[in-house]
Every structure is written in structure tokens, then in C-alpha cells.
Amino acid sequence: MSRNEKKIYNSFLKDGYFNFKTILNRKNCLQLRKFIDMHRPCSDKIFYKSKKEFLRNSNFKNYSPGEKDHNAIFNLNLDLDFIEKSKNFIKAVEFIAGKNYKIKKKSIIRSVPTNIHPHWAKKITQNVGRPNLNPYIKREYQDVQYFQNVDFHQDMTRGIKFVTFYIYLDDVSQKDSPLKILKGSYKFGHTHYPHYIRPGTEGWYYSNLIGDHMKCDEVAVYGKAGTVFCFHGLNLHGSLLNYSKKPRISLRYLIEPNKKNKNSALQKSFKMIKGKIVENLKLKNNFDFQRLDRAPDGSFLQTGTSIL
Ligand SMILES: [Fe+2]
């Protein structure tokens with residue numbers, strides 16, 4: 001292992017996070033952004049007109065892009081070879097997940113600025129910790145993932161091991177709802193949402209509610225178009241409200257490691273975890289213990305949020 005590889009390996013084990021910085025072709029990223037923006041705009045027109053129209057047409061089922069179905073990457077025939085076949089991207093993913101990794105899912109993420117979020121929908125989503133906006137958006141646009149602010153949460157909820165790779169197609173600064181990651185939080189394994197985190201004088205204190213408390217430093221990821229970073233599927237992460245006029249577009253890749261390669265940073269990281277990596281407990285009231293913010297009919301409950 002070279003010195004650089006060792007640095008990335010150790011850093012990922014410690015923090016469950018690594019920022020590879022701007023390793024993709026910026027011009028290609030901006031071109032792709034423009035194309036997506038043209039076909040999947042971010043304006044008030046994509047929302048249902050009223051709560052009445054929403055109730056008539058939508059539900060809380062299958063509203064997010066699927067692995068292959070109802071996914072704008074495939075519906076728009078996007079050519080992502082400049083990412084997936086680029087040496088830099090392959091190397092970055094191999095550093096973490098080892099050779100012969102598998103892209104489990106990829107999707108387009110749009111962060112919706114507060115000023116285009118219609119009043120009627122805002123009334124429903126305010127004080128919801130993880131307001132997925134897709135249910136309020138017309139079906140034909142739901143093949144992109146739209147969100148507003150997102151409370152700290154874990155991506156890995158089903159026990160399938162993966163790392164999330166994130167690609168910015170815009171220049172992202174403080175006002176563009178940059179991703180925020182709580183370093184090292186993956187080491188508690190799965191914990192239920194809302195997660196038990198409290199602000200300290202510096203960083204956050206995270207409890208697994210069985211007597212362990214961990215101090216986690218928060219990192220906000222800023223960067224130019226073409227920035228690539230990754231975080232462990234169990235690392236807590238979220239983002240602020242978007243105050244920008246130019247809603248950001250990002251790509252999210254969920255990457256599974258090759259199970260045969262036991263020495264990859266990702267595989268090794270699971271040895272550092274105290275606790276379970278998945279929670280399947282169903283409560284008597286039919287709630288899933290891992291998502292206490294969701295009623296059995298799939299609707300979201302108001303829980304407040306740790307970041308706004
Ligand atoms: Fe996430």
C-alpha cells in the first residue's frame with residue numbers, strides 16, 4: 001500500500017469519511033448539470049398546485065427513484081462514463097471498497113431552495129426531520145430525489161453493507177446546503193431515528209443509549225463542481241435548508257464492496273462497529289423501531305430536527 005493509500009485507508013476507518021476533492025472534469029460536470037436542469041427543472045411548477053390536488057394524486061408509496069425503474073439517470077439516458085470510467089473515480093472507489101466493487105444504486109439529488117417550496121407543502125413538512133419532497137411533487141418528476149433540509153440520519157438501514165459516494169455538479173458553498181457529516185459516528189452501528197445527538201461546545205455528542213457517548217466533529221463539505229467525497233453507510237449526515245437561488249444538483253452512488261476482499265477499508269470498518277448494523281424490530285404499534293418518524297401508513301411525523 002502506498003503512503004497515500006494508507007492515509008486514505010486510516011482516515012476512512014477513523015472518520016467513516018473521506019473527501020477526494022475535485023477529481024472529475026469540471027466542464028463535463030457543469031454540462032451534465034445543465035442537461036439535468038433542463039429536463040428536471042427545479043421550480044414551483046413541479047409541485048402539485050394544492051394540498052387537495054396532492055391528496056387526490058399522491059401517496060407515500062414508491063415516490064423515490066428506484067434502482068433501475070423510475071430513475072432519471074436511465075429515463076434521460078445519461079452518459080456517465082466520464083465519471084464511472086474515469087481513472088480518478090475508479091481509483092477513489094477502489095481505495096475504499098476494494099477492486100470489483102458494485103454500484104448498487106445511483107440517483108440524482110436536487111436540493112430545493114426554500115423560496116420555491118409551496119406554502120401548502122411547507123405547512124406539512126415543517127418540523128419534519130427528513131422532509132422528502134417527492135410525495136408533493138408530480139409523478140413525472142419523481143425520478144429525481146428532491147429534498148429540502150435533512151436531519152442527521154444513516155443511509156444504510158437494511159443491513160446491506162455499502163458506502164455512499166457523493167458528487168457535486170455545482171460549486172457548493174455555505175448557502176447551497178452543503179452535506180454535513182458527523183465524523184466517526186458509524187462506529188455505534190445502527191441506531192434508531194431520531195438519533196440521540198446533542199450539541200457540545202465543539203462538535204456533537206452522540207449516544208447509543210446503552211451507556212456509550214461519542215464526541216463527533218462535524219464536517220461541512222464545500223467544493224467545486226467535480227468534487228467527490230464518500231461516507232460510511234452508517235455515518236450520520238444531513239444538510240441545511242437551501243438559501244441559494246441556484247438549487248444544487250448532485251449525484252449519489254451507493255457502492256457495495258466485493259465480499260471476497262476482506263481487507264478493503266469498507267470491509268474492515270465493520271469490525272470497528274460496536275452494536276448491530278441493522279435493526280429489524282417492529283414495535284407493538286406497528287412502527288419500525290429504526291424509523292420512529294414514520295407512521296405505519298408511510299407518512300412522516302413531526303419530530304423537529306437537529307439542523308435547519
Ligand atoms: Fe442520506
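In which sense do β5 and β13 pair, and over how many bridges? In this predicted model, β5 runs antiparallel to strand β13, residues 249-256, and six bridges link the pair. Within this pairing, you can find Tyr-166 standing opposite Arg-252 of β13.

Now step back to the sheet that holds these strands. It is an open sheet of six strands with mixed pairing, and the order to follow is β1-β11-β5-β13-β2-β3. At the edges are β1 (17-22) and β3 (145-147); each has a single partner strand, so one side of each has no neighbour in the sheet. On average, neighbouring strands of this sheet are turned by 25 degrees against each other, direction ignored.

Next, let us visit some loops and their backbone. Most residues other than glycine have a negative phi, and most peptide bonds are trans. With that in mind, look at Ser-177, whose phi is positive, near 45 degrees. Ser-177 sits in the loop between β5 (163-168) and β6. Is Ser-177 buried or exposed? Ser-177 is buried, because 27 other C-beta atoms lie within 10 Å, and 20 or more are enough for that label.

Asn-77 also has a positive phi, near 50 degrees. You will find Asn-77 in the loop between α4 (72-75) and α5 (81-84). Asn-77 counts as exposed because it has 7 C-beta neighbours inside 10 Å, and the label applies at 12 or fewer.

The peptide bond joining Tyr-193 and Pro-194 is cis, with omega about 0 degrees. Pro-194 belongs to the loop between β6 (179-182) and β7 (197-199).

Note on methods: Residues numbered from 1 in each chain as written. Predicted model: local features only at pLDDT ≥ 70, side-chain atom pairs only at ≥ 80, totals over all residues. Helix = DSSP H or I, 4+ residues; strand = E, 2+ residues; numbered from the N terminus. Pairing = 2+ DSSP bridges. Axes fitted to C-alpha atoms, helices over the stretch in contact; angles between N-to-C directions.
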